[in-house]
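Visitor: I'd like a walk through this one, helix by helix. Can you show me what we're looking at?

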Amino acid sequence: QFDETYWVLENNTLTLDIKTADNDYVLENSYEAYVILKDTKNNCKGTCRDLFRAQLIALYMNLLSFGGMNSSVYVGDELMGGGNYTVQQIFDFGYDKLLNGPSNYDFTALQETFDDINNNYHYADGQHVLACTQA
């Protein structure tokens, strides 16, 4: 049973740096997401790139699921030279690194940041890493 958000991938595709189950580079359905995430979990080489890609897909799905999450401000560790960035800005930065960064790019800090954002709701009060923006 997949989260209902996976069914919106058909109209909200995501280009990746690896081939998907239908042999293109476009994540466009729940099965393709499942295969990528399953392969990362079960056959992971342990590379930061593989783990980061899984976190990026999870964050993409969260952005599709939770309207307004993209404008939440990340108040965790200093990423991208310090400062507070929105979740969308962090996603865009990481996505660009995945598609256009050097093959030896160290995704450790980004992977940890994406993990923090994806698991924000698991943290105790006072330890959340996202703040809602005020209108």
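Visitor: How do the axes of helix α2 and helix α4 cross?

Guide: Helix α2 spans residues 48-65 and helix α4 spans residues 108-118; helices here are DSSP runs of H or I with at least four residues, strands are E runs of at least two, and both are numbered from the N terminus. Axes are lines fitted to C-alpha atoms, for helices over the stretch in contact, with angles from 0 to 180 degrees between N-to-C directions. The axes of α2 and α4 come within 9 Å and cross at roughly 30°.

Visitor: Are α2 and α4 roughly parallel or roughly antiparallel, and what hand does the crossing have?

Guide: Under 35 degrees counts as roughly parallel, over 145 as roughly antiparallel, 65 to 115 as roughly perpendicular, and the rest as oblique. So α2 and α4 are roughly parallel to each other. A crossing is left-handed if the near helix is turned anticlockwise from the far one by less than a right angle, and right-handed if clockwise. The crossing of α2 and α4 is left-handed.

Visitor: Which residues make the contact, and how do they split by class?

Guide: Contact means heavy atoms within 4.5 Å, and the α2 side includes L51, F52, L56 and L59, while the α4 side includes L110, F114 and I117. Ala, Val, Leu, Ile, Met, Phe, Trp, Tyr, Cys and Pro count as nonpolar, Asp, Glu, Lys and Arg as charged, and the others, Gly among them, as polar. The contact of α2 with α4 comes to nine nonpolar, five polar and one charged residues.

Visitor: A quick check before we go on: what kind of model is this?

Guide: It's a predicted model, where local features need pLDDT of at least 70, side-chain atom pairs count only at pLDDT 80 or more, and totals for chains, interfaces and linings use all residues. Residues are numbered from 1 along each chain as its sequence is written, and side-chain values use heavy atoms, with hydrogens and water left out.

Visitor: And α2 against α3, what's the relation there?

Guide: These two pack at an angle of about 140°, with their axes 11 Å apart. Residues in the contact include F52, L56, L59 and L63 of α2 and F91, Y95 and L98 of α3. As for orientation, α2 and α3 are therefore oblique to each other.

Visitor: What does F91 touch?

Guide: Leave out residues up to four places away in sequence, and the partners of F91 are L14, L56, L59, Y60, L63 and F114.

Visitor: Is L9 buried or exposed?

Guide: L9 sits in the segment before β1 (14-15). Its contacts, not counting residues up to four places away in sequence, include L27, A33, Y60 and L64. With a relative accessible area of 0%, L9 is buried.

Technical notes: Buried < 20%, exposed > 50% of the residue type's maximum accessible area, 1.4 Å probe, protein only.
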